[in-house]
Amino acid sequence: MKKILSTVLAGTMVLSLAACGSQGSGTAETTAAQTTAAQTTAAATEAAKEETTKAAETGGQVEITFWHAMSGVNEEALQKITDDFMSENPNIKVTMMNQGGYLDLFDKLMASAKAKQLPNLSQVYSNRLSWYVDKGVALDLIPYINDSEIGLTAEDKEDFPAMFMDDCIWGDAQYAMPLNKSMMVLYYNEGMLADEGLEVPTTWEEWADAAEKLTKDTDGDGEPDIYGCVFANNLSTDIAPWLKQAGGGTMNEETNELYFDTPETKEAIEFLNGMFQNKSARFAGEDKNANTPLQQGRAAMCVASTSALPYIESDTMEGITIKAAALPGHKTDEQLYYGTNVAAFDVGDDAAKEASWLYLKFLTSTENTAYFAAQTGYIPVRKSAKDDPVFAAVLAEKPIKQLCFDCMDRGFQGERNIGGINALDALGDQLDLVFAGEKDIDTALKDAQANGEKAMEEARNN
């Protein structure tokens with residue numbers, strides 16, 4: 001095995017590698033290159049002795065740090081897996097550090113990068129990881145993945161859905177492993193739809209019609225008491241499904257071209273805006289989460305992640321049955337999958353880097369991704385997890401999780417442009433004005449295009 005598993009092996013590995021590097025081509029000729037190699041071997045041997053001595057003094061333990069934004073049951077499940085890993089690998093200590101919410105985590109991660117104090121591992125969205133890849137501070141995992149002793153087998157590699165693994169790959173290098181994945185879905189109050197004689201909408205037209213019919217002004221004050229549909233407060237970062245379904249997209253990952261001011265984007269925004277303007281839809285607002293009014297009977301439908309499932313199960317009012325369906329389609333039926341990966345950074349010594357890989361491999365094993373998915377609202381990142389007894393039992397009881405697998409053939413994850421988030425924020429600022437009835441769509445999209453291009457350029461130059 002590798003050097004972190006044995007204090008003595010730390011020295012012998014370097015010696016072995018050096019011996020392999022000094023083997024000649026079968027001749028007795030001594031060259032300057034061989035002399036240099038011998039000097040390098042001697043230096044490496046001395047360094048190995050020092051490393052072995054230090055390892056012995058500290059019990060041979062390698063310490064790595066993992067920054068995350070998990071809380072509640074999510075953090076508990078992650079901690080349990082981490083504890084299991086350390087029990088099986090007593091020479092490795094993983095310190096989990098909760099950095100608050102996602103935005104807090106990403107702000108601290110950026111500050112740590114600029115201060116050259118990155119952690120070994122961190123949760124991160126790939127559209128943010130692109131910056132770290134560009135700056136050369138992310139760790140390429142391919143040498144570890146392909147290692148004959150501690151890497152992944154061919155069967156392991158095939159076991160990860162391509163959509164999830166592709167999100168971790170740039171060119172010929174891989175800088176992360178998938179962790180918590182979920183799908184954007186349409187949650188609905190089954191009883192409300194049945195009372196109106198409505199089927200679950202599968203097209204934009206059916207959705208808009210259902211939202212209007214399900215909106216109720218029970219006290220006659222001119223404002224709905226029950227909305228047909230509720231959306232998350234920040235619609236800009238999750239706008240991609242509607243742009244895709246209209247035949248467009250948000251941006252080009254290869255050319256950095258933005259597609260904000262296009263006929264397809266306009267068609268998608270006109271559809272969404274129609275529901276906002278006739279008051280059959282609203283943002284979560286003070287409810288913070290789109291699923292909250294649905295759980296309390298103040299909305300008939302909402303758009304939210306499958307990761308909200310534990311909260312829906314625990315906090316929904318008695319008598320309300322909530323189910324989920326894929327987002328209604330339009331020209332296409334593409335569905336958004338999202339969630340973070342765990343990236344490794346090029347920090348620490350070789351032992352720390354190897355320990356980081358071993359932890360990532362453990363974290364994403366069939367057994368552990370099945371356990372994590374069973375305990376949370378996320379889905380496994382391995383296909384084989386569907387047959388794991390722990391997750392299979394949950395899957396049989398919760399068809400919402402099965403929905404994620406059923407839609408995977410038409411699923412996508414967002415583009416990863418450096419500054420893409422900044423550009424989407426610029427789009428969001430303009431969409432807020434449109435949905436509030438303060439700006440026309442054509443002007444808003446032109447401004448979003450110009451502001452988005454500027455924001456992306458500034459981010460790339462940062």
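Modeller: Buried means under 20% relative accessible area, exposed over 50%, and partly exposed in between, with a 1.4 Å probe and protein chains only. This is a predicted model, where local features need pLDDT of at least 70 and side-chain atom pairs count only at pLDDT 80 or more, while totals for chains, interfaces and linings use all residues. Residues are numbered from 1 along each chain as its sequence is written, and side-chain values use heavy atoms, with hydrogens and water left out.

Now the buried side. Leu105, Phe106, Leu109, Ser112 and Ala113 are the buried residues of α4. They fall within an arc of 125 degrees seen down the axis, so they line one face of α4. The arc is taken from the directions that run from the helix axis to the C-beta atoms.

Contact, here and below, means heavy atoms within 4.5 Å.

The length of α4 fits too. Its 13 residues should span 18 Å at 1.5 Å a residue, and its end C-alpha atoms are 19 Å apart, which agrees. The expected span is 1.5 Å times one less than the number of residues.

Step off the end of the helix. Just after α4, Lys116 takes a positive phi of about 60 degrees. Lys116 sits in the loop between α4 (102-114) and β3 (121-124). Its relative accessibility is 77%, so Lys116 counts as exposed.

Another lysine has a positive phi. Lys288 has a phi of about 70 degrees, although it is not a glycine. Its place is the loop between β8 (281-283) and α13 (291-295). At 66% relative accessibility, Lys288 counts as exposed. Thr292 lies in helix α13 and, at 17% relative accessibility, counts as buried. Leaving aside residues up to four places away in sequence, Thr292 touches Asp287 and Arg298.

The buried residues of α20 include Ile441, Leu445, Gln449, Gly452 and Met456. They cover an arc of only 150 degrees around the axis, which puts them on the same side of α20. Lys454 and Glu458 are exposed on the face turned away from that buried side. The 20 residues of α20 (residues 441-460) should span 28 Å, and the end C-alpha atoms are 28 Å apart, which agrees.

One more helix, then the interior space. In α18 (residues 399-406), Ile400, Lys401, Leu403, Cys404 and Phe405 are buried. Their cover includes β6, α14 (309-315), β10 (322-325), β11 (335-344), α16 and α17.

Two of those elements return at the cavity. β6 (176-189) and α16 (366-375) each supply at least two residues of the lining of the largest cavity. α16 gives the most, with three residues. A cavity is a set of points, on a 1 Å grid over the protein atoms alone, where a 1.4 Å probe fits but cannot get out; lining residues have an atom within 4 Å of a point. Pro178, Leu179, Thr369 and Phe372 are among the lining residues.

Last, the whole chain. It has 20 helices and 12 strands. Buried residues make up 51% of its 462 residues.

Methods
1 Å grid on protein atoms, 1.4 Å probe; cavity = no way out; pocket = protein on both sides within 12 Å on 5 of 7 lines; lining within 4 Å. Helix = DSSP H or I, 4+ residues; strand = E, 2+ residues; numbered from the N terminus.
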